[in-house]
Structure formats: structure tokens, C-alpha cells
Amino acid sequence: MLHKFSMNGINVLMDIYSGAVHAVDDVAYDIADLYPEMNADELAEKFADKYSREQIDEAVEELKELKDAGMLYTEDEYEGVLEQVKNRAPVVKALCLHVAHDCNLKCRYCFAEEGEYHGKRSLMSAEVGKKAIDFIIANSGKRRNLEVDFFGGEPLMNFDVVKEIVEYGREQEKLHDKNFRFTITTNGILLDDEKQKYINENMHNVVLSLDGRKEVNDYMRPRAGGQGSYDIIVPKFQKLAESRNQTDYYLRGTFTHNNLDFSKDVFHIADDLGFKQVSVEPVVAEATESYAITEDDLDTIFEEYEKLAEQLYIRHKTGEKDFNFFHFMVDLTGGPCIAKRLSGCGSGTEYLAVTPEGDLYPCHQFVGQEEYKIGSVYNGIENTAIREEFANCNVYTKPDCKKCWAKFYCSGGCMANACHYAGDIMGTYEIGCKLQRKRIECAIMIKAKLMLDELR
């Protein structure tokens, strides 16, 4: 499978099954998708008004060399290992602990309904948290490195329990030869020096929520009384990022129909506020919401992504005012393992969410939907049918994914989004797919241009 695109002055050919990426001239670019079926004579005739016979012959020879080297027009070898991936013994590698189904913000786009997740406000007890640690240890097999994310609502509203769970986890990892990597996601309202110190000492990564410019953030992320949150949280986030040497955190924002010029928010976060690890992502919302992204918004968003990518290429090249943008970070040299390429995050199998009461769900976005309850930290996995359904979800069992050039980069996309907007985890969230494909092209462009610069 071949995919090609032009951006920022270069032509890119992507061989999907080998993962090879090539920057080529206009001639090779134009004939690339015709060459396998047409010989040089036929191509020369077809492009006689545009290229000389010598140019066509040179391009054909270039494409032939890449094909012979197994770097273009390769066959699909992934489907052959699909059964091996599907039949792996289930191992739980990560838990999302909902330590607080409560929040001190009223974000307009919150899928968790101000932290309540279709239920009532509640806080996780230390007992449930410890049972969750026991559960992941018991179900992790020989896996040594385990991930536990403290999530909400707002987890800092139950911070004493967070500390108890971490302490218990540290005790248990010594007994069972495990290594816990704890992370936490926070809106920052309750962050203070004491909590920052504890987070820096105990959390492998931190996700900090901020949507960008003050007017954008305060409109979408107001406090319970309607006041804005920007002025309170920005100084705290800046202090925490600096205390972590601008690493091991993400400043995560959401853009909506209301700020389609979101590149301004990205540059505000990076340039004006000084954050080096940035992730600003599109909102996922029902089409009836005023802030939802629509098909009509896509061209504008694509232009914003290209604008952002072109600027990041310059910054990566020069090192001036540089920062990392999460969605443009693509590894062309190795990338994720085959299992990750085929099935993504492992929702429902390797990755589970735990409610304050100890119930297990495939991920945080399914919490509160009783039909997706898998079990509990007390009784383990009980609904094996749901787990099997998620285990069988991959880029080959999803019809739209199987024929998509981007499938090994997005691994089938978010199963929760597919479920909520297509009615089935085997479906796709079409707007999300289009945005993802554009982000991948932008990321590839940046990498390709930087690699070309190194060769010159």
C-alpha cells in the first residue's frame, strides 16, 4: 500500500507495510501510483506534455530500486501475525484509577459530567485503591513495569488517598518484583508547593490541563462559580514544569469549534508561557453541541496543522524556541511493537479503568456505561465476553481501518470514540480519522525534511 502527499516544499511517498518514507522529485511523485501497472513506455506517453523520456526513465529506475530493496510496493505481512497477536495471554499492564468522581471545574465539553460519570459524586477509598494494586499485580503475568494513572474528576480532591495508594504500591512492588510508574492528571486548582513536591518525588509523568489563551481557557474551563481558572493555574503549572526541568509532563489542552485558530493557543502555551511539552487536541462532542467540530471546520483545521508543522520544522532545525507537540512526535526508525500497531492502547484488555467503588471498565471513557462493566477489583474479570470483544478489535477487524493507509500509525483510533459516534467499537469516528491522518502527514513532513537536512 502506497500513500503520497506534498507539503512544505517536499513530495513524500510512504510505503505503509514496510514503514519506509521517501522524499522524491516531482517526476517520481507523479508516476509512483501508476508505475507498478504501467511500464516506462506507457508512462512516457502519458506524461509526454510534462516530462522528458529521460526524466521518466530516471524516475522508473529510482522506483524500481526502492521496490527491489523492499522499501516500496511491499506486501502486507502484518495480517499473517494477527492470530498470534489476538491469542496472546491477557496481561493487564495499566490501570486508570478514578480516585475522584468529583471536580472543582465545570468544563463545558467534559465527557465525565463534572466528574460524576453518569452517576453520583464519590471518592475512592484507600481500600479500593489497594485492591486495585493487588489486582494489577495478580493479572500482570511476567510483566514487570506497570502503569497506574490517578484520574478524575480531579484527583487532587482525594490526594491523601493517592498518597496511600502510592505507598502501598511501593511496598508491593518490592514483594512481587514489579516496578510501578505512577502518573497524575490535574486541572491545577488545588496544586500547591506540598503537592508539587510529592508529585515530583513520586509521579513518573504529569498531565496539566489548560486550553491555551486566557479567553479560550476561561470560556471552556470555568470554575464551579463561573469564574475563570487561567489566572489561578498558569503560575502553578509554570512552576511545576520548571521544577521538572521541562520534562516528564504534558500541558494538555482541547480546541473546539470556538477556537479553530488553535495554533495561536499552541504558540501561546509554548512561547508566551514557556511550556516545552504541549498537547492540544480536538474536542470530541455530539454534533448538536455548539462547540463541536464539524466537517465544515476541517479545511481550516488542516491549515492550522500545516502552519504549526511548518513552524515546528524550523524550530526543530534551529533549536530556537523549540518545543514538543505530542501529535507530531512520530518514530520512523522503530516505532511501536506489532501488537500496538494492530490494536492500539489495549483498552479492555491491557488497560482498564477503576471506579471509586472498584468496578472495572475498558477505559475511562466507558465508565458509567453499565453494559461495559467488565468486573471489579474484588472479583476480577467477570464479563469475559466484553473483554474478548475488545481483544478482537484491531485494524484488520475494523472494515474502515483495514483499507486505510494510516492504520499502523493510529492503530485503529480510539475505541470509545468509535463506540460513541459509530455505535460500535468496530466502527470509526470519521472526523477524528480525518484529523488523525492530517496530523500524521504533518509529522512525517517534519521528520522527512529534518532527515533531508542531515543528508545535505
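Leaving aside its neighbours within four places in sequence, which residues is Arg53 in contact with? The contacts are Ala40, Asp41 and Ala44. This is a predicted model.

**Arg53 in α3**
- Arg53 belongs to helix α3, which spans residues 53-68.
- The relative accessible area of Arg53 is 39%.
- Leu43 lies ten residues from Arg53 along the chain. The C-alpha atoms of the two are 8.9 Å apart.

**Packing of α5 on α6**
- Helix α5 covers residues 126-138, and helix α6 covers residues 159-176.
- The two helices pack at an angle of about 30°. Their axes are 9 Å apart.
- Angles under 35 degrees count as roughly parallel, so α5 and α6 are roughly parallel to each other.
- The crossing of α5 and α6 is right-handed.
- On the α5 side, the contact is made by Ala126, Gly129, Lys130, Ile133, Asp134 and Ile137.
- On the α6 side, these residues meet Val161, Glu164, Ile165, Tyr168, Gly169, Gln172 and His176.
- By class, the contact of α5 with α6 holds six nonpolar, four polar and three charged residues.
- An α-helix has 3.6 residues a turn, so residues three or four places apart point the same way.

**Ser229 between α8 and α9**
- Ser229 sits in the loop that joins α8 and α9.
- The relative accessibility of Ser229 is 0%. Buried means under 20%, so Ser229 counts as buried.
- Which residues does Ser229 contact, leaving aside its neighbours within four places in sequence? They are Leu105, Ile189, Asn217, Asp218, Arg221 and Arg223.

- Helix α10 runs over residues 263-272 and is mostly covered. Seven of its ten residues are buried.
- The buried residues of α10 are Ser263, Asp265, Val266, Phe267, His268, Ile269 and Ala270.
- What do the buried residues of α10 pack against? The helices are α8 (214-220), α9 (230-243) and α11 (298-318). The strands are β10 (249-255), β11 (277-282) and β12 (324-325).

Technical notes:
Residues numbered from 1 in each chain as written. Predicted model: local features only at pLDDT ≥ 70, side-chain atom pairs only at ≥ 80, totals over all residues. Heavy atoms only, no water. Buried < 20%, exposed > 50% of the residue type's maximum accessible area, 1.4 Å probe, protein only. Helix = DSSP H or I, 4+ residues; strand = E, 2+ residues; numbered from the N terminus. Contact = heavy atoms within 4.5 Å. Axes fitted to C-alpha atoms, helices over the stretch in contact; angles between N-to-C directions. Parallel < 35°, antiparallel > 145°, perpendicular 65-115°, else oblique. Left-handed = near helix turned anticlockwise from the far one by under 90°. Nonpolar A, V, L, I, M, F, W, Y, C, P; charged D, E, K, R; others polar.
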